[in-house]
Amino acid sequence: AGFSTIDIGVFPSSQSPSPIARALMAIAPHRFPSISSAKRACRRGLILVDGQVIKYNSFICHPGQHLTELVRTRPSEVLVEASEEAMKVKVAYED
């Protein structure tokens, strides 16, 4: 399974520098409704700041930094692609 990205947004210049988990909650409360969900995403290496993976919760996010989330592609998408590929295989045999 692969990964795709979701643009979380840019940390606003009106905010003071904040720990990454608080920044995620401020920018995308629908994606990160709790501090624990934001911290978990960081620990799993799913958060990028300016294109760099952030794996520690003590990272301080500064105004103007761009945040992105890595999300796994759904297994069903992979299975559909695999089954379509399998249908293209020609089998030759004799009775």
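**Terms and Values**

Guide: In strand 6, L67 is the bridge partner of V49. The model is predicted, so local features need pLDDT of at least 70 and side-chain atom pairs pLDDT 80 or more, while totals for chains, interfaces and linings use all residues. Residues are numbered from 1 along each chain as its sequence is written, and side-chain values use heavy atoms, with hydrogens and water left out.

Visitor: What makes strand 3 and strand 6 a pair?

Guide: Two strands pair if DSSP finds at least two bridges between them. Strand 3 (residues 47–49) and strand 6 have three bridges, in the antiparallel sense, so they pair by that rule. Strand 6 also pairs with strand 1 (residues 3–10), in the antiparallel sense over seven bridges; there I6 stands opposite E69.

Visitor: How many helices and strands does the protein have?

Guide: The protein has three helices and six strands, in the order β-β-α-α-β-β-β-β-α from the N terminus. Helices (H or I, at least four residues) and strands (E, at least two) are DSSP runs, numbered from the N terminus.

Visitor: Why is E69 called buried?

Guide: Buried means under 20% relative accessible area, exposed over 50%, and partly exposed in between (1.4 Å probe, protein chains only). E69 has 8% relative accessibility and therefore counts as buried. In strand 6, five of the seven residues are buried; in the protein, buried residues make up 31% of the 95 residues.

Visitor: Why is R72 called exposed?

Guide: R72 is placed in strand 6 (residues 66–72). Its relative accessibility is 65%, so R72 counts as exposed.

Visitor: How do you know that E69 forms a salt bridge with R31?

Guide: A salt bridge is a side-chain nitrogen of Lys or Arg within 4 Å of a carboxyl oxygen of Asp or Glu. The closest N and O atoms of E69 and R31 are 2.7 Å apart, so the pair meets that definition. The pair links distant parts of the chain, 38 residues apart: E69 is in strand 6, and R31 is in the loop between helix 1 (20–27) and helix 2. R31 has 35% relative accessibility and therefore counts as partly exposed. The structure holds one salt bridge.

Visitor: What makes up the positive surface patch?

Guide: The patch is formed by R22, K39, R40, R43, R44 and R72. Lys and Arg count as positive and Asp and Glu as negative, with His and the chain ends not counted. Patch residues have over 30% relative accessible area and no salt bridge; like charges are joined within 9 Å, and nonpolar side chains (Val, Leu, Ile, Met, Phe, Trp, Tyr) within 5 Å. Helix 2 (residues 35–43) gives the most to the positive patch, with three residues.

Visitor: What is noted about the phi of D50?

Guide: D50 has a positive phi of about 50°, although it is not a glycine. Most residues other than glycine have a negative phi. D50 lies in the loop between strand 3 and strand 4 (52–54) and, with a relative accessible area of 46%, is therefore partly exposed.

Visitor: How many residues apart in sequence are V10 and G64?

Guide: V10 and G64 are 54 residues apart in sequence and 5.7 Å apart in space, C-alpha to C-alpha. V10 is in strand 1, and its 47% relative accessibility is why it counts as partly exposed.

How values were computed:
Areas by Shrake-Rupley, 256 points an atom, 1.4 Å probe, with all protein chains shown as cover. Charge placed at Lys NZ, Arg CZ, Asp CG, Glu CD.
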